[in-house]
Amino acid sequence: MHALDSGVGNGRLTSVQRGISMQVSVENTTALERRLSITVPAERIETAVNKRLQQTAQKAKIAGFRPGKVPMSEIKRRFGADARQEAVGDVIQASFYEAVVEQKLNPAGSPSIEPKSLEAGKDLEYVAVFEVFPEFEVAGFDGIAIERLSAEVADADLDNMLEILRKQNTRFEVAERAAQNEDQLNIDFVGKVDGEAFAGGSAKGTQLVLGSNRMIPGFEDGLVGAKAGEERVLNLTFPADYQNLDLAGKAAEFTVTVNSVSEPKLPELNEEFFAQFGIKETGIDGFRTEVRKNMQRELRQAIKSKVKNQVMDGLLTANPIEVPKALLSNEVDRLRVQAVQQFGGNIKPDQLPAELFEEQAKRRVVLGLIVAEVVKQFDLKPDEDRVREMIQEMASAYQEPEQVVAWYYKNDQQLNEVRSVVLEEQVVDTVLQKAKVTDKAVSYEEAVKPAEAAQAD
């Protein structure tokens with residue numbers, strides 16, 4: 001009776017809605033766009049209008065009349081136009097919902113309504129144009145190739161992590177000698193281009209660690225060997241790709257005064273140092289045990305993340321689907337808001353160009369549709385044992401893990417977020433059962449290295 005295939009077609013049905021017939025025809029204008037032509041009998045409109053007028057009559061306060069005793073003719077004269085407009089809006093909303101249910105359509109966003117006939121006493125005619133969610137079955141599992149890494153936290157990895165923690169807590173002490181790389185200098189400087197000072201090119205009392213690459217190329221190297229009280233003039237060139245286009249590629253002269261030179265001092269691995277990390281166990285052995293646990297947790301998450309990314313990439317490649325414009329637009333808006341929240345500034349989300357986010361938004365929308373379809377195809381439901389395990393693992397990073405676990409189970413929103421993550425992991429497991437998986441043993445460093453960095457190497 002109606003066309004619901006991927007081609008363009010028309011269908012018509014006559015339904016009975018609350019005893020009043022309504023005519024609906026559906027046209028597939030594109031693979032995802034649907035055009036519903038709906039005719040609602042005048043009787044239904046008038047019934048809705050009269051109901052609104054009766055409700056108005058019961059509460060209307062008009063001078064010269066007692067409440068509830070205003071003649072209907074006066075109610076219609078005063079409120080008839082507004083009542084009709086509101087009734088038509090209600091009927092359009094209700095009849096659209098009834099039509100998509102009858103036609104078994106799944107709108108992917110709000111419809112665009114085009115009124116055709118709104119004349120009183122006549123049938124209401126309007127057209128609703130909207131997109132539907134794509135109908136597809138996820139396929140290509142056996143063509144997805146996955147490299148699953150495995151690694152251990154070796155003693156050397158643990159020793160290296162302890163050194164990193166020490167460097168992150170470096171103190172600087174004034175040194176009466178010439179500056180070396182990794183020293184921290186307190187400096188004043190004035191930068192000039194073509195003999196003129198420029199905005200952002202001067203500062204006083206700035207702390208700068210040599211070798212940090214915080215400044216433009218040559219600035220930090222030019223201060224190696226300098227002593228407190230010394231002034232140096234650095235003739236440098238801004239990089240061609242410098243973020244400030246007014247300075248990019250230009251020659252500049254920096255006059256730098258070194259106020260002090262401080263050398264790095266690594267903290268000792270003692271109780272004072274351990275206390276900074278909130279670790280209860282005392283002594284170096286207890287500290288190493290806790291750090292190893294954290295590294296193992298990080299390792300598991302890194303391996304899991306890399307497998308998941310490969311699975312998602314494989315699903316995307318094997319299942320190209322068209323994205324409803326409404327979903328893409330909504331996701332772009334979400335990414336805009338996230339960008340403003342993350343980077344701040346006096347800018348409104350809608351001022352950011354949509355093109356900046358379209359690729360990422362499309363990936364997220366398509367993956368959301370594919371993951372949802374895998375869940376449906378394989379009738380997956382969150383494994384509550386895995387939900388608890390995940391919560392317990394997250395809680396183990398806190399000093400009072402039992403309180404964290406209890407908090408999750410008292411907050412439905414947070415608990416459902418964990419369930420969603422677990423369900424996504426179950427989708428990954430489902431794909432892994434059918435994909436081509438190769439296991440590879442690697443070092444801890446390689447396993448935890450971000451995918452982008454690993455590819456660059």
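Glutamate 182 is exposed (over 50% relative accessible area, where under 20% is buried and anything in between is partly exposed, with a 1.4 Å probe and protein chains only), at a relative accessible area of 54%. This is a predicted model, in which local features need pLDDT of at least 70, side-chain atom pairs count only at pLDDT 80 or more, and totals for chains, interfaces and linings use all residues. Residues are numbered from 1 along each chain as its sequence is written, and side-chain values use heavy atoms, with hydrogens and water left out.

**Positive phi values**

- Most residues other than glycine have a negative phi.
- Glutamate 182 has a positive phi, near 80 degrees.
- The loop that holds glutamate 182 runs between strand 7 (171–174) and strand 8 (184–193); strands are DSSP runs of E, at least two residues, numbered from the N terminus.
- Asparagine 213 also has a positive phi, near 60 degrees.
- Asparagine 213 sits in the loop between strand 9 (196–209) and strand 10 (231–237), and is exposed at 67% relative accessibility.

**The cavity**

- One cavity of 30 Å³ or more is present; a cavity is a set of points on a 1 Å grid over the protein atoms alone where a 1.4 Å probe fits but cannot get out.
- The largest cavity holds about 40 Å³ of space, a volume being the space filled by probe spheres set on the points, which are joined across faces, edges and corners.
- Its lining residues (an atom within 4 Å of a point) include Ile45, Arg84, Val88, Ser117 and Asp123.
- The lining of the largest cavity comprises four nonpolar, one polar and four charged residues; Ala, Val, Leu, Ile, Met, Phe, Trp, Tyr, Cys and Pro count as nonpolar, Asp, Glu, Lys and Arg as charged, and the others, Gly among them, as polar.

Definitions and conventions: On a 1 Å grid over the protein atoms alone, a cavity is a set of points where a 1.4 Å probe fits but cannot get out, and a pocket is an open set with protein on both sides within 12 Å along at least five of seven lines; lining residues have an atom within 4 Å of a point. Helices (H or I, at least four residues) and strands (E, at least two) are DSSP runs, numbered from the N terminus.
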